[in-house]
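Q: Let us read a structure feature by feature. Where do we begin?

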Amino acid sequence: MKISIVTPAFNSAKTIRHTIESVARQTYSNVEYIIVDGGSQDATAKIVAQYPDVVDLFISEPDHGVYDAMNKGIRAASGDIIAILNSDDFYIHSHVLAQIATTFQESGADSVYGDLQYVDQHNPHKVIRHWESGAFQRRSFLAGWMPPHPAFFVKRAIYQRHGLFNLSLKSSADYELMLRFLYKYQVSAAYVPDVLVRMRVGGLSNATWRSRLRANREDQAAWKINGIKPRFYTTILKPLRKLRQFYSHPYQRSITFSQHHPENFTLKKNESAHLQDFNLR
């Protein structure tokens, strides 16, 4: 089972090394890594060029935004499974893809997702929000639920069957895609109860209250585009669900970063039993 990872990037020199190295350190070997750059003017391309044994395909050309870049990567991918990992995100440990592959094989599901942590933009040790997805229930979408997109893995056949990202949406195309896959077409999903990805704060739909209001309008449009109706409270609850993420205090890894190894970590004692199946030390 090949896993294709697509990283959209634009002027990402400050963070993309961590992203690439988190992929390079994965123990799962059947991986295709594609980086789609929007024509960066900084050192992004130079950094990517330092990893010829990790990056299988580097596309650098003007695009129509991050979702256009994701679509380019998906079209170019040859893997059975496709993941999107943004250029300021990184896999939290080296066994993430092994977990994902095992879950696909054991569950038979067409998609797999896990948990995500938002971290400080300048200090990835500092967790700002913890996004615990919970087990999948289709009706949860009506209560504003969605899984975190960077921790969402989907069979390539599902993209081929149900389409790519809708470029008419500027900040909620990921929500629309997951709504379309999981709710409208009832694509099967399995949940990995583990933090898989850390994301630096400051993403497209989370930067300001103004952008959040725009995203909320697009969330409403996502239902209309698909010809399905939410509850009157659905798009109200969606941003409100984020509030509890600031106060959630799950068991977490203690991460030690270095310039060249973003994922050297030790485990707290109360996590060892949970993770010992993956031989993490």
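Predicted model: local features only at pLDDT ≥ 70, side-chain atom pairs only at ≥ 80, totals over all residues.

A: Residues are numbered from 1 along each chain as its sequence is written, and side-chain values use heavy atoms, with hydrogens and water left out.

Q: Where does S40 lie?
A: Helices (H or I, at least four residues) and strands (E, at least two) are DSSP runs, numbered from the N terminus. S40 sits in the loop between β2 (31-37) and α2 (44-49).

Q: Is S40 buried or exposed?
A: Buried means under 20% relative accessible area, exposed over 50%, partly exposed in between (1.4 Å probe, protein chains only). S40 has 16% relative accessibility, so S40 counts as buried.

Q: What does the side chain of S40 make a polar contact with?
A: A polar contact is a pair of N or O atoms within 3.5 Å; within protein, one must be able to donate a hydrogen and the other to accept it, and residues adjacent in sequence count only if both atoms are side-chain atoms. The partner is the side chain of D37, at 2.4 Å. A polar atom of the S40 side chain also lies 2.5 Å from the backbone nitrogen of N11.

Q: Why is helix α6 largely enclosed by the rest of the structure?
A: Of its 12 residues (173-184), 11 are buried, so α6 is largely enclosed. Among them are D174, E176 and R180. Just after α6, Q186 takes a positive phi of about 55 degrees.
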